[in-house]
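Dear colleague,

I am handing over to you the structure shown below. My findings follow it.

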Amino acid sequence: MEKLKLVTYCGLHCGLCAARGRIPQQAAALRDSMAREGWDQWGHCFDGFDVFWKFLNDRCDLDKSCPGCRQGGGYPDCPIRKCAVERQVDICINCQEYPCDHLRQFNKVYPTLLADGERLRLIGVDAWIAEQEKRAASGFVYADIRYRSNPDDDG
């Protein structure tokens with residue numbers, strides 16, 4: 001389903017991921033700044049620059065940066081995606097076992113996951129997607145509220 005392209009199986013919205021939200025803009029700003037200084041012309045003189053430049057350009061392209069969960073983006077070994085595909089569930093909220101232990105654990109990292117899932121159930125996919133697009137337009141990304149296992153980790 002095209003409308004679910006940016007909705008993960010677990011119930012996150014890809015538009016709220018920093019890989020699709022602020023990282024492409026930050027990468028483009030860095031690339032453009034470096035190009036104005038001529039790095040695109042002579043940077044290849046430095047070891048590793050060509051790999052870096054390709055990486056930077058790829059981060060500017062949303063589909064290369066991350067195509068989305070349903071297109072294979074995100075964590076490659078995601079147990080939630082694997083489970084949903086095996087159960088033929090388009091979004092975990094439609095599973096009889098919702099919320100399962102996988103989602104409860106993931107909610108510890110993404111503390112809006114289960115609340116967003118309940119909201120999705122309440123208002124339906126189209127209205128929920130519209131709400132998430134408004135959140136993304138405001139500049140919000142999940143990294144703003146994501147809990148990290150190491151409190152000293154800023155990433």
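Apart from its neighbours within four places in sequence, G15 is in contact with L6, G21 and A136. This glycine belongs to the segment before α1 (22-36). G15 counts as buried because its relative accessible area is 18%, and the cut-off for that class is under 20%. Please bear in mind throughout that the model is predicted.

V141 is 126 residues away from G15 along the chain, yet the C-alpha atoms of the two are separated by 7.9 Å. Y75 and G15, for their part, are 60 residues apart in sequence, and 16 Å lie between their C-alpha atoms. Y75 is located in the loop between α4 (62-65) and α5 (79-87). Is Y75 buried or exposed? Its relative accessible area is 54%, so Y75 is exposed.

The chain as a whole

The secondary structure consists of eight helices and zero strands. Read along the sequence, the pattern is therefore α-α-α-α-α-α-α-α. The C-alpha trace spans about 60 × 30 × 30 Å along its principal axes. The chain has 155 residues, of which 36% count as buried.

As regards the surface, the chain exposes about 9600 Å². Carbon and sulfur atoms supply 53% of that area.

Aromatic residues

How many aromatic pairs does the structure hold? There are nine aromatic pairs in the structure. One of them is formed by W42 and F46, a tilted pair with 6.1 Å from centre to centre and 55 degrees between the planes. The angle explains the label, because planes under 30 degrees apart count as stacked, those over 60 as edge-to-face and the rest as tilted. Both members of this pair are partly exposed: W42 has a relative accessibility of 35%, and F46 has a relative accessible area of 46%.

F49 and F52 form another aromatic pair, also tilted, with 6.1 Å between the centres and 55 degrees between the planes. These two residues are three residues apart in helix α3 (residues 49-60), which means that about one helical turn separates them. With regard to burial, F49 counts as buried at 7% relative accessibility, whereas F52 is partly exposed, with a relative accessible area of 32%.

The residues of these two pairs also belong to one aromatic cluster, formed by W39, W42, F46, F49, F52 and W53.

A further point concerns an arginine and an aromatic ring. R70 lies over the face of Y9, and the distance from the ring centre is 4.3 Å.

In brief, the points I would ask you to look at in the model are the contacts of G15 with L6, G21 and A136, the aromatic cluster that includes W42 and F49, and the position of R70 over the face of Y9.

With kind regards

Key
Residues numbered from 1 in each chain as written. Predicted model: local features only at pLDDT ≥ 70, side-chain atom pairs only at ≥ 80, totals over all residues. Heavy atoms only, no water. Helix = DSSP H or I, 4+ residues; strand = E, 2+ residues; numbered from the N terminus. Buried < 20%, exposed > 50% of the residue type's maximum accessible area, 1.4 Å probe, protein only. Areas by Shrake-Rupley, 256 points an atom, 1.4 Å probe, with all protein chains shown as cover. Phe/Tyr/Trp six-rings, centres within 6.5 Å; stacked < 30°, edge-to-face > 60°. Lys NZ or Arg CZ within 6 Å of the ring centre and 35° of its normal. Contact = heavy atoms within 4.5 Å.
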